[in-house]
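Please open your viewer and get ready to click along. We will go from stop to stop, selecting a few residues each time and looking at what is there.

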Amino acid sequence: MSEDNSTTTNNNNEPGSVFSEQDKELATKAKQEYEAGLFDVCLKTLQKLLESCPDDPKVLFNIVLTEYALSSFQKTDMFKTQLNKIAEKLQCALDNITTLEEPDQCTLFYNMAVLLYHTRQYQAGLLIVEKLFRFIGQIDETLSWKICLLLSELDLCTFQPENALATVIHLEKLLNERASPPSNGVSHSPNMLNDNLEILKSKISLYKIRCLLMLKSLRTCKKELKQLQNTNQSSTSLTYARANFEYLKENHIRALKILTNNQQTNASSIPLQTYSSHCFYNNLSCIHFHLHKSAFALFYMRRALTENNRLLIEQLNNNDKQLIIHHINRKYEILYNLGIQLLFKHQPLPAFECLIDVIHIYSNNIRLWLRLAECCIMIYRSSNEDIFKLEEKLKCVLQSIGNGFHHKLILGNCNTSTSSKKSSVNSGNENCSMEFALYCLKNALTLLPIITEADLQKEETKLYPAPPGNPMRIGDMLSLKYSILTSAAYVSLCLNDFVSAKNYATNLLNEPRASSGHKYLARLYLSESLLAMNKIELALNQLDADIIKTENDLSFKMPVTTVDKEEKSDTPETTPPIPKADLVTWLPRDARVGQAIVYYNIAAIYAITNDVEKAFKHFNLFVNLFGKTQPAHSFQLKFYLDLLDGNRHRLQILLKENFGHLTSNKSFVALPTPTHTSSTNNS
């Protein structure tokens, strides 16, 4: 049906009780001609039938359908108009599902649902098919099966796998009843289903596999795949399902072999391959991305976008089955994947340009709003690795002026965040700014669902739609919420909105399921916001290095997992596992560095309060933990503390050791620029 990318409207030429024997013969002949693709001959036969049965809705509908087929399914608007005229004769309206009250009206509404499916209006089509499902026992069996299959397809397209699975199980039960011999010795009524039982069985199995993959029920899915493979059924859909199964199990090498082997053996023999080349390259890209081959991943994803455009142009030029053009087009799904890959590749501006096009289509995707915000944050500050570079260190001392007794040094500011305030101008996209990042994060927070205690009790079955990706479980949604709150606190600090930063950080700390890493960052951001609000004691209370003892105290792992570990380890991969790549390698990486950052922030707070002794104590703890390679702004704090303490000799030694190219052998006076020293933003 719709899975084959073809219009499967119901050519209802079944002979009725009001027809004469001659009319029945004409109806049967027209049906055979339509199924053989002889649309012009079929139209002439139907017109003869119309002469003896004028204004019959069934005959009129079949004439309209045949004319639509003769136009290569291009005149969709005309087809809809004519369907509405026939619907008026049946006292219903296709744009009002509440008017569907009689079984005779089901054929028209089914065809309307098929049109909506091919034009990717899935929600509208689903409303119609759900109403049609109530008439299953009152209509023709063939149409009933088509309605059930379309219902399963639309549920999958709208990311409702649990509903689709319920329909598939119902179909499976009916199919088993038909395949088994009846106990009363009465055979089933003959129809087209009896001749296509094996095809239907394989199609239902594929639907079940797709549902299980979307639900990530990998163990059950494995059994279904084995059963389907034992029937010697081979198709592109089955190959993609097998590859998707291995992909979800993180057996990426095996998934790659399945895809590439199928491409080599079936590229010229399977017609569906013509319409799925963009999907093939998209899947190759996703696999290479998880294999940490980012260059190959970006190459294949751009190739997928090119193939998508080529397929659309070919279909427009061929004048054949224009209805499937909407169904073939996967531009925005590919752009979404491309944007995510570019973001992980540390190319935030191209990623932003891809994702900003997608947001108009998937505006309810919470994760997409977060990704847009992360693009802005990465442009604002690409990585904390910058603070260890020599050029950042050299910014601590701007220049040397004067000679001899009048020789002076002008101290500078190496704070990367402060120097990056004009990120939106430098990036070449005025929308890609920290203000826009905060706007995206507020949208994401607004879209977050309210998760109750009852939802937490069924955390392994409760799903939240997140198109164009698979539905999210509660663990994913909670992790997403914590990431949004963390990013919102950081962005608010960078925009000097300290009250909002305090609220976001406080909300994050109040989350019982938040990971240790999220709470660590929340305490740092809360402390800095309180310090900016001149609440010194409260800021110090948030900083405690003793609670960071192991790397687990900085871990971002959630207690709720999205995939059953037992299912993933059912058949372990022969190749050694590859560690997952992080979005950015920002500090802190281990417990030692995590403690050092806390000590640095405490030292900065004591420096602001002019408590030199405690400031030096915590600064020395920071230096001992961090080692020789220190961030650039630590030199600024050391300069400030030495000037505050009046220890000219110690400051002179520090400058000569680290900035000897600007100092002389004689005495000098260091003049600090009027900058405010505060704790460091860490994200």
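## Stop 1: A cluster of rings

Start by selecting F280, Y281, F299 and Y300, which ring pairs link into a cluster. Keep in mind throughout the tour that you are looking at a predicted model. The structure holds 15 aromatic pairs, and two of them deserve a visit of their own.

Select F289 and F344 next. Their rings form an edge-to-face aromatic pair, with 5.5 Å from centre to centre and 85 degrees between the planes. Now colour the helices that carry them: F289 sits in helix α14 (residues 277-290) and F344 in helix α17 (residues 331-344), so this pair links distant parts of the chain, 55 residues apart.

Why are F622 and F626 separated by about one helical turn? Because they are 4 residues apart in helix α31 (residues 612-626). Both F622 and F626 are buried.

## Stop 2: Along helix α31

Which residues of α31 are buried? Select V612, A615, F616, H618, F619, F622 and F626 to see them. Then show what covers these buried residues: the cover includes α30 (591-608), α32 (633-645) and α33 (648-658). Before you leave, click on G627, which follows α31 and has a positive phi, near 90 degrees.

## Stop 3: Charged partners

Side chains of opposite charge can pair when their charged atoms come close. The structure holds 16 salt bridges, and we will call at three of them.

Select R210 and E153. They form a salt bridge in which the closest N and O atoms are 3.0 Å apart. R210 belongs to helix α10 (residues 197-215) and E153 to helix α7 (residues 141-157), so the bridge links distant parts of the chain, 57 residues apart.

Move on to R592 and D590. Their side chains meet in a salt bridge at 3.9 Å, N to O. R592 is partly exposed, with a relative accessible area of 38%, and D590 is partly exposed too, at 22%.

Zoom in on E307 and R310, whose closest N and O atoms are 2.6 Å apart. These two are 3 residues apart in helix α15 (residues 294-318), so they are separated by about one helical turn.

## Stop 4: The whole chain

Zoom out and show the chain as a cartoon. You can look for 33 helices and 5 strands. Of the 683 residues of the chain, 51% count as buried. The chain exposes about 33000 Å², and carbon and sulfur atoms supply 51% of that area. Among contacts with a separation of 6 or more, 66% are between residues 24 or more positions apart.

Finally, colour the model by pLDDT. The chain averages 82, and 81% of the residues score at least 70. Select residues 1-9, where the pLDDT is below 50; beyond near neighbours in sequence, this stretch has 40 contacts in the model. Then select residues 675-683, where the pLDDT is also below 50; that stretch has 34 contacts beyond near neighbours in sequence.

Methods
Residues numbered from 1 in each chain as written. Predicted model: local features only at pLDDT ≥ 70, side-chain atom pairs only at ≥ 80, totals over all residues. Heavy atoms only, no water. Phe/Tyr/Trp six-rings, centres within 6.5 Å; stacked < 30°, edge-to-face > 60°. Buried < 20%, exposed > 50% of the residue type's maximum accessible area, 1.4 Å probe, protein only. Contact = heavy atoms within 4.5 Å. pLDDT = per-residue confidence, 0-100. Areas by Shrake-Rupley, 256 points an atom, 1.4 Å probe, with all protein chains shown as cover. Salt bridge = Lys/Arg side-chain N within 4 Å of Asp/Glu carboxyl O.
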